[in-house]
Amino acid sequence: MIPFKEAYDKVLSYSMNLGVEKVNLMNSSGRILAEDIKADRDFPPFNRVTKDGIAISYAALANGVTKFRMEGIASAGMPQQCLKDENACLEVMTGAVLPLKTDTVIMYEHLTIEDEWVVINKAVTQGQNIHYQGSDTSQGTVILKKGHVIGPAEIGVMASVGADKINVQALPRVCTISTGDELVNVNETPEPHQIRKSNSITLQVALSKLGIVASALHLKDDKTTIRKGLENALQENDVLLLSGGVSMGKFDFIPEVMDVLGVEKVFHRVAQRPGKPFWFGFHEDHNTAIFSFPGNPVSTFANYHIYFLPWLKTSWNVPIQNTFVRLVEELQINLPLTRFIQVRTRWKDGALHATPVSENGSGDLTSLVKSDGFICLEPRKAIYKVGELVIFVPTR
Ligand code: AMP
Ligand code: MG
């Protein structure tokens, strides 16, 4: 058994380069950008009118002109217009290119218009209501850096620079593997001694949130079945996420079969609760990382978030940032095990506060719907006090 921190660092040290793939911009939400995106032109690309109204030459106003004749219109989408008579004005609309020979825009709300004559009712500052070319970003500037998580805002920015196909970090090929003779499919009615599978389904859905379409495999507690199943799975995947079969039971064959298949055991058992019997290994030839979680649903769920997600981020070169929450109750950690306690969080006075949820051990699947993450508490003599900041592992 190794300490939690050591297990965590070991898992991260087995992160792998998953490569890069090109995807359509519209399919890139949630992915990690694998290239710098540059502005293909200035932002905005021309002096942009920001108010509906008129454009004038400020010099005319300064020289005492009080009534401006409207000589035409410039709307968004029209090529740049030009003011012919410098003492006149052009009607302009938001989004239009500022006409040549004009330098100031006055909004309709500050004008009195009679036929084609305009009187300005408010003090004017030269250059007002113009969004100047290149004032946001100039052509060639990096506007999104490699490693950025892509969401709707990023997609909008990339759309505006014409990046319709982009390089993103490739997704790992993942197989979720459930083990156990007691397990039946969701659509089956279990016999009294059986239960329905849930771990592999939870894992598949959690992975789908990252865009990963994982395959699924079920293995009975039989060495030959496990060996054959794993042999294949190792060849076809970058990651195996197993649940069950790694504890002390007579039918917990996973560690033994992994050894037969030439998988390097990095560690087995971690000083943590839940999730203690966690087995982690790596197959050098196939370049496959194997996360073999204990079968209790809370253990599988916790370890997926504690280990697999940081492993994936590291593989994608995305920095890991800890989130902290404040304790609502005092807690004491007596046993020499790193504890992961399910909590419900809520915002109060500008900070996220965590209240432990009632749970009946790591087999209590139903507790998972009451919590939105785990707090991580290292064992220590001193009590964890109300209001203390502790690490939070979100699961939603
Ligand atoms: P194991 O780690 O194989 O000893 O399993 C520990 C407990 O978790 C047992 O009660 C199993 O029935 C249960 N379990 C194992 N795998 C699953 C799964 N895929 N879905 C739900 N429960 C499971
Ligand atoms: Mg089992």
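Thr-300 sits in helix H7, which spans residues 297–315. In this predicted model, Thr-300 has a relative accessible area of 2%, so it counts as buried. Leaving out residues up to four places away in sequence, Thr-300 touches Asn-199, Leu-203, Ser-243, Phe-293, Pro-294 and Gly-295. Domain 1 is made of two segments, 2–18 and 171–315.

**Overall form**

The protein chain has seven helices and 27 strands. Its radius of gyration is 31 Å, while a compact globule of 396 residues would have one near 21 Å. Taken along the principal axes, the box filled by the C-alpha atoms is roughly 100 × 50 × 40 Å.

Four domains are assigned. Besides domain 1, there is domain 2, with residues 21–43 and 135–169, then domain 3, with residues 48–131, and domain 4, with residues 323–394. Between the C-alpha centres of domain 2 and domain 3 the distance is 36 Å.

Of the 396 residues, 46% count as buried. The accessible surface comes to about 19900 Å², and carbon and sulfur atoms account for 51% of that area. Charged side chains number 40 positive and 43 negative, and the centres of the two sets are 6 Å apart. For contacts between residues at least 6 apart in sequence, 69% join residues at least 24 apart.

**Two strand residues**

Lys-67 belongs to strand E6, residues 67–74. With a relative accessible area of 48%, Lys-67 is classed as partly exposed, because the exposed class requires over 50%. Apart from neighbours within four places in sequence, Lys-67 is in contact with Asn-87, Trp-117, Val-118 and Val-119. From Lys-67 to Ile-195 the C-alpha distance is 85 Å, across 128 residues of sequence.

Ile-130 is placed in strand E11, residues 130–131. Its relative accessibility is 12%, so Ile-130 counts as buried. Ile-130 and Met-1 are separated by 129 residues in sequence and by 66 Å in space, C-alpha to C-alpha.

**A buried loop residue**

Val-263 lies in the loop between helix H6 (254–260) and E19. Although this is a loop position, Val-263 counts as buried, at 5% relative accessibility. Its contacts, leaving aside neighbours within four places in sequence, are Leu-234, Met-258, Trp-279, Gly-281, Phe-282, His-283 and Ile-290. Between Val-263 and Phe-278 there are 15 residues of sequence separation and 15 Å of space, C-alpha to C-alpha.

**Backbone exceptions**

Most residues other than glycine have a negative phi, and most peptide bonds are trans.

| Site | Feature | Angle |
|---|---|---|
| Phe-43 to Pro-44 | cis peptide bond | omega near -10° |
| Arg-273 to Pro-274 | cis peptide bond | omega about -5° |
| Arg-269 | positive phi, not a glycine | phi about 80° |
| Asn-317 | positive phi, not a glycine | phi about 65° |

Pro-44 is in the loop between strand E3 (37–38) and strand E4 (48–49). Pro-274 is in the loop that lies between strand E20 (270–273) and strand E21 (279–283).

Arg-269 is also a loop residue, placed between strand E19 (264–268) and E20. Its relative accessible area is 29%, which means that Arg-269 is partly exposed. Asn-317 occupies the loop between H7 and strand E23 (323–327). With 62% relative accessibility, Asn-317 counts as exposed.

Key
Residues are numbered from 1 along each chain as its sequence is written. Chains are lettered from A and ligands numbered from 1 in the order in which they are written. This is a predicted model: local features need pLDDT of at least 70, side-chain atom pairs count only at pLDDT 80 or more; totals for chains, interfaces and linings use all residues. Side-chain values use heavy atoms; hydrogens and water are left out. Helices (H or I, at least four residues) and strands (E, at least two) are DSSP runs, numbered from the N terminus. The radius of gyration is taken over C-alpha atoms; the globule rule is 2.2 Å times the number of residues to the power 0.38. Buried means under 20% relative accessible area, exposed over 50%, partly exposed in between (1.4 Å probe, protein chains only). Contact means heavy atoms within 4.5 Å. Accessible areas come from the Shrake-Rupley method with a 1.4 Å probe; for residues, only the protein chains shown count as cover. Lys and Arg count as positive and Asp and Glu as negative; His and the chain ends are not counted. The place of a charge is taken as NZ of Lys, CZ of Arg, CG of Asp or CD of Glu. Domain bounds come from an automatic or database domain assignment.
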